[in-house]
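Here's a short walk through one chain, meant to be read with the model open beside it.

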Amino acid sequence: MILLNNCKGSDINAHGSDYSMKFSEHYAPNKNRIKVGSSAVIVRFIEDGLYEKKVIKITELGRATEDGVLLVTVFGDVHSSEVMTKAELTKDKFTAKFFDKNGRFKQRSVI
């Protein structure tokens, strides 16, 4: 299971994708894990204490340029999507990994 962190809370990703990330910083070190057919959990910060959790099966990886930065776009079939509290997320074995030991939402794109 791949964990993708939308820590900035953006609900708009490059080219309408489910998720987009900078190629060099975030995708390149994880390219062997992020591939078509893989399952991914995307957690997006909404507002204080609320997050959106989306589970997808990756169907397509693409590339885009935004403000001169090369991005990898992730498209997928949505298995589930729900709004959850921080308390709910920290009880789940996958989504608990989105928070550090002090309960802060991590700032990494791929966990």
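Which backbone nitrogen does the side chain of aspartate 92 reach? It is that of phenylalanine 94, at 2.8 Å. Bear in mind that this is a predicted model, so every value here is computed from predicted coordinates.

Aspartate 92 sits in the segment that follows α2 (86-89). If you want a sense of distance, pick leucine 61: it is 31 residues from aspartate 92 along the chain, and the two C-alpha atoms are separated by 27 Å.

**The sheet**

Now for the strands. Five of them make an open sheet, and reading across gives the order β1-β3-β4-β5-β2, with mixed pairing. β1 (2-6) and β2 (19-22) stand at the edges with a single partner strand each, so one side of each has no neighbour in the sheet. On average, neighbouring strands in this sheet are turned by 35 degrees against each other, ignoring direction.

Two hairpins are worth a look here. β3 (residues 39-47) pairs with β4 (residues 50-66) in the antiparallel sense, over eight bridges. Two residues lie between β3 and β4, and in that turn glycine 49 has a positive phi of about 85 degrees. β4 then pairs with β5 (residues 69-85), again antiparallel, over 16 bridges. The β4-β5 hairpin also has two residues between its strands, and aspartate 67 in the turn has a positive phi of about 55 degrees.

Tyrosine 51 in β4 is the bridge partner of phenylalanine 45, and in β5 the bridge partner of tyrosine 51 is methionine 84.

In soluble globular proteins, nonpolar side chains tend to be buried together. Here the largest nonpolar core has 13 residues, and Leu4, Met21, Ile34 and Ile58 touch the most other members. β1, β2, β3, β4 and β5 each supply at least two residues of this core. A second, separate core holds 11 residues, including Tyr51, Val55, Phe98 and Phe99.

Leaving aside residues up to four places away in sequence, its contacts include Ile2, Ile34, Val36, Ala40, Val74 and Phe75, along with Lys35 and Ser38.

**A buried aspartate**

Is aspartate 18 buried or exposed? Aspartate 18 counts as buried, because its relative accessibility is 16% and the class covers values under 20%. Aspartate 18 is placed in the loop between β1 and β2. Its side chain makes a polar contact of 3.3 Å with the side chain of lysine 54. Lys54 is also among the residues that aspartate 18 touches, as are Asn13, Ile42, Ile56, Val74, Phe75, Gly76 and Val78, again not counting residues up to four places away in sequence. Val74, Phe75 and Gly76 turn up in the contacts of isoleucine 58 and in those of aspartate 18.

**Aromatic pairs**

How many aromatic pairs does the structure hold? There are six; two of them are set out below.

| Pair | Centre to centre | Angle between planes | Geometry |
|---|---|---|---|
| Phenylalanine 23 and tyrosine 27 | 5.5 Å | 40 degrees | tilted |
| Tyrosine 51 and phenylalanine 105 | 4.9 Å | 55 degrees | tilted |

Phenylalanine 23 and tyrosine 27 both belong to helix α1 (residues 23-27), and they are separated by about one helical turn because they are four residues apart. Phenylalanine 23 is partly exposed, with a relative accessible area of 22%, whereas tyrosine 27 is buried at 12%.

What about the other pair? Tyrosine 51 lies in strand β4 and phenylalanine 105 in the segment after α2, so their pair ties together parts that are 54 residues apart in sequence. Tyrosine 51 is buried with a relative accessible area of 5%, and phenylalanine 105 is buried too, at 13%.

Finally, ring pairs link Phe45, Tyr51, Phe98, Phe99 and Phe105 into a cluster. Tyr51, Phe98 and Phe99 have already come up as members of the second core, and Phe45 as the residue whose bridge partner is tyrosine 51.

How values were computed
Residues are numbered from 1 along each chain as its sequence is written. This is a predicted model: local features need pLDDT of at least 70, side-chain atom pairs count only at pLDDT 80 or more; totals for chains, interfaces and linings use all residues. Side-chain values use heavy atoms; hydrogens and water are left out. Two strands pair if DSSP finds at least two bridges between them. Axes are lines fitted to C-alpha atoms, for helices over the stretch in contact, and angles run from 0 to 180 degrees between N-to-C directions. A polar contact is a pair of N or O atoms within 3.5 Å; within protein, one must be able to donate a hydrogen and the other to accept it, and residues adjacent in sequence count only if both atoms are side-chain atoms. A nonpolar core is a set of buried Ala, Val, Leu, Ile, Met, Phe, Trp, Tyr and Cys residues joined through side-chain atoms within 4.5 Å. Buried means under 20% relative accessible area, exposed over 50%, partly exposed in between (1.4 Å probe, protein chains only). Contact means heavy atoms within 4.5 Å. Rings of Phe, Tyr and Trp (its six-membered ring) pair if their centres lie within 6.5 Å; planes under 30 degrees apart count as stacked, over 60 as edge-to-face and the rest as tilted.
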